[in-house]
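Q: Could you walk me through this model, starting with whatever I need in order to read the helix names?

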Amino acid sequence: MYLKSLDINGFKSFSEKTIIDFSNEVNVIVGPNGSGKSNVVDAISWVLGTQSPATLRTNKMEDVIFAGTEKLSAKGYSEVYLNFEVDEKLFNGNSEISIGRKLFRDGTSEYFMNGLNCRLLDIQEFLNDVGIGKQQHIIISQGQIAEILNSKPEDHRLTIEEAAGILPLRSKKEKSLKRIESGEKEIKRAKDVLREIKKQLKPLREQAEQARIHEEKTNLLKIKMVELNILLFKKYKNLDNQQDTHEKEINNSLNIIDKKILDLKNQKSKINTELGDGVSIGSTLKDYSSKFLNISEQLRSIAQVASERKDNLERDEIKTVEELSKINKKIKVNSEQISNLSSQLISKKLVLGSLQETYKQIKFQLEDIIKKLSASTEVNEALLQSEISQLNNSISDTTVNLNNLNSDLKKWENDLSESEKLIDNINDEIFSSDIILESVPQLINKTKSILNREVFINSNKLTEKENSHKDLVQELTIKENLLDSLNENEQFKKDINNQKKEFEDQIIQIENEISAVSNQLISSQERIKSLTEQNDDLNKIKNEISLKSSDVNINNLSNLINSTKLFIEFSNKTSDTLETKALYFDDKYGNSNKKITTIDEQIDNLNKEYFSFKESLTNIAIKRSEYNTSKSQHYSNLTNIYGLTIEEINNYYLENESQEILHNEIKAIEHMLEEIGTVNYLAKEDYESLNNRFEDITSTIEDLSLAKKELLENINEIEKEIEFQIESSFNSISVHFSEIFETLFPGGNGSLSFTDKSNILETGIEISVQPRGKKIKKLSLLSGGERSLAAIAFLFSIFKSFPSPFYILDEVEAALDDANLHRMINLLKHVKNDAQYIIVTHQQQTMHAGDILYGVTMEPGSGSRVFTKTKKDFESMINTK
């Protein structure tokens, strides 16, 4: 493989498209100062991936674009292509491979391989595969020659590592270390989050468990209340049916008695008609006495009915009071739940607002990252420097604020401590003086409340500022790392893409959190709405119950009972008087008709039986009224409160039909609910969400820890491979260095050695040289020419151990005298068959050593131009002369 040709267009001094065809031997580029011959080297270096403007001898990357002259206008872009002749077997049948780079004035840069757009990373991988390398050790300039011997031993090791292809292993190790560092930061952040989650998880778990138990018991209570109401509804319905049957039986009996009384009265009337005026006065008096007794019995029945009705109303009143108490209690519990949910709703809204604000910030940062991906290196550098400056100012301001807040907090804490001492002293003095001041405790509590409030507020402000300061420092570190990796364009893009991925992951996470909080808000609002509607229904029931007050009815019934007692007493006295008079007349005049007396007795007995049935009928009516009232009440509860239909009520299966057991179960459940108290119904969702996050973070930490373990194992293997390659590369280069040094310095001695053989990974490589007849302890004591020649020996020993397809030497022999230059040219002739050489020089001996000369010239006001001459051309010119 060798560099076949170089295409330049608009690069530095090359205004027009220029194609330079190279041979696979020694190619020498010559030309006067300022003609642009070094720009050829810069063009090659630029295509190979150089990202530093200083390496290309410019202030910024856009300076490589042809800027124009008096005669020529400036170009809008610069492009350079390198065309390689390659082995078809190694590159899938391709005999040529082309790589190129194009830069526009707006900073946009493009890379090409075989005419197709590609990444810089693709080009670097290709160069690594063919032995050219990312650090471009194949290009040696005059300045680099001087730097080689002045460099530290560690830099010599890096040069060897680059040539030996160890740097990709180093890069893999660094990437693994960065991933470990990034993973450790992630683990640290995750553990910090886990600690905070753990603090919230335990109380939230307890709240969720309480909410779960409360919900279960509430549902169970509802079921038991439904069962009890259905049981009582069916019970009173059955009792009402029984009383209805009994009522029909009594009515039948009354009809029979009415018929019997009517028959007896007809008989009596017939007898009276037969007797005419012979009817006794006693019989008449007895008849009226019996009527008064009947009236008395009727009044007694009315009094009894009124008394039972009054007792029922009083019992209903007690039940009403108990029911109102339960309703008020339920309304109070619901109101507490509404208050609690409202507080949580406000809190969740604040959390949602904070999440949305964070979402906006991350979105803004993501947009900024996307801009950086499309912007030029210089634009990104300016942006990052501006952002770093702003962050430094913000951190400085935050630090001042933190100090001020710390100072304020300490002052408030001192004030609180001193005030508490003074308050205790005042309390002691008041107590010892036996002075009673009611306002003193209020003043003390108010003072403590104000001081505690200020301490709490300042403490919260301090915590917020500390978190803000921590975030700013973290962001500053990220920006500084980006700025450091800016010159390594591929690493910068990788870091930017990593940040982009992190922001995108954060956006997804925040979107999920926003969705979860929004769902909780909706759930809270629905719960509040449900509880409010339930309270409205309870208040309606409460108002209906209040409107059904039975105080007036109870008073009326009491008055009725008292009145009937007076009438009963009067009726009884009247009946007794008439009975006495009847006996008197019977004794005086005798009984004119015993049959009438017998009939009257039968009628009296039937009347007593009749009124007994009537009393039973009245009792049945009262009971049916009570049963219907109770039945209606339980039906209303089942339909209005529990939402059941009559079909569901009738078809409801009752496992337990014991009213007492149900009452005891309901009391036990209500007691448990009272002990549980007010609960947070959102705790269950919060706990599940937080617990899922806890499990996800724990799983992430485990994955990161496992990845760290695997990366450490990988690093260990890489380090072993690096050590092996460094030792083998060092041994090979050391042998070649001794041979080449002896060639360049006849009779001299040169060697390489490790500065720390116990630490091969970090050891330096010391270059020791001893020209013939000299004792040199320091390389700086060598002459300029000797130092250049020693550096060339070191470089050529690397070239010989790890040959690359081509090498570029840019005026490396400038400091050599004729003798040393002659030795170097002899060395070049010795190694020129191993690789292709492109040499930029002013030395005639070097020109003679070249197979092809490329003359670079520049006319005033024009661009660089290249003329090619071979040795055969020169020989034909000489022969012609």
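A: Helices here are DSSP runs of H or I with at least four residues, numbered from the N terminus. Please keep in mind throughout that this is a predicted model.

Q: OK, and how many helices and strands are there in the protein chain?
A: The protein chain holds 18 helices together with 14 strands. Of its 881 residues, 39% count as buried, and among contacts between residues at least 6 apart in sequence, 77% join residues at least 24 apart.

Q: Let's talk cavities: how many of 30 Å³ or more does the count give?
A: The count comes to two cavities of 30 Å³ or more.

Q: Which residues line the largest one?
A: The lining of the largest cavity is made up of F796, F799, K800, P803, Y807, V831, D834, A835 and Y837. By class, seven of the lining residues are nonpolar, two are charged and none is polar.

Q: And which helix gives the largest share of that lining?
A: That is helix α15, spanning residues 784-801, which contributes three residues to the lining of the largest cavity.

Q: What about the second largest cavity, which helix leads there?
A: Helix α15 again provides the largest share, with three residues. The lining of the second largest cavity consists of I140, I145, I792, L795, F796, L809, V812 and M824, and these divide into eight nonpolar residues, with no polar and no charged ones.

Q: Switching topic to α13, how many residues does it have, and how far does it reach?
A: Helix α13 covers residues 659-676, which is 18 residues, and from its first C-alpha to its last it reaches 26 Å, close to the 26 Å expected at 1.5 Å a residue.

Q: Which of its residues are buried?
A: In α13 the buried residues are L662, I666, I669, L673 and I676. Viewed down the axis of α13, the buried residues fall within an arc of 85°, so they line one face of the helix.

Q: What is exposed on the other side of α13?
A: On that other side of α13, E660, K667 and E675 are exposed, each of them having over 50% relative accessible area.

Q: Last one: what follows α13?
A: The helix is followed by G677, whose phi is positive, near 75°.

Terms used: Residues are numbered from 1 along each chain as its sequence is written. This is a predicted model: local features need pLDDT of at least 70, side-chain atom pairs count only at pLDDT 80 or more; totals for chains, interfaces and linings use all residues. Side-chain values use heavy atoms; hydrogens and water are left out. Helices (H or I, at least four residues) and strands (E, at least two) are DSSP runs, numbered from the N terminus. The expected span of a helix is 1.5 Å times one less than its number of residues. Buried means under 20% relative accessible area, exposed over 50%, partly exposed in between (1.4 Å probe, protein chains only). The arc is that of the directions from the helix axis to the C-beta atoms. On a 1 Å grid over the protein atoms alone, a cavity is a set of points where a 1.4 Å probe fits but cannot get out, and a pocket is an open set with protein on both sides within 12 Å along at least five of seven lines; lining residues have an atom within 4 Å of a point. Grid points are joined across faces, edges and corners, and a volume is the space filled by probe spheres set on the points. Ala, Val, Leu, Ile, Met, Phe, Trp, Tyr, Cys and Pro count as nonpolar, Asp, Glu, Lys and Arg as charged, and the others, Gly among them, as polar. Contact means heavy atoms within 4.5 Å.
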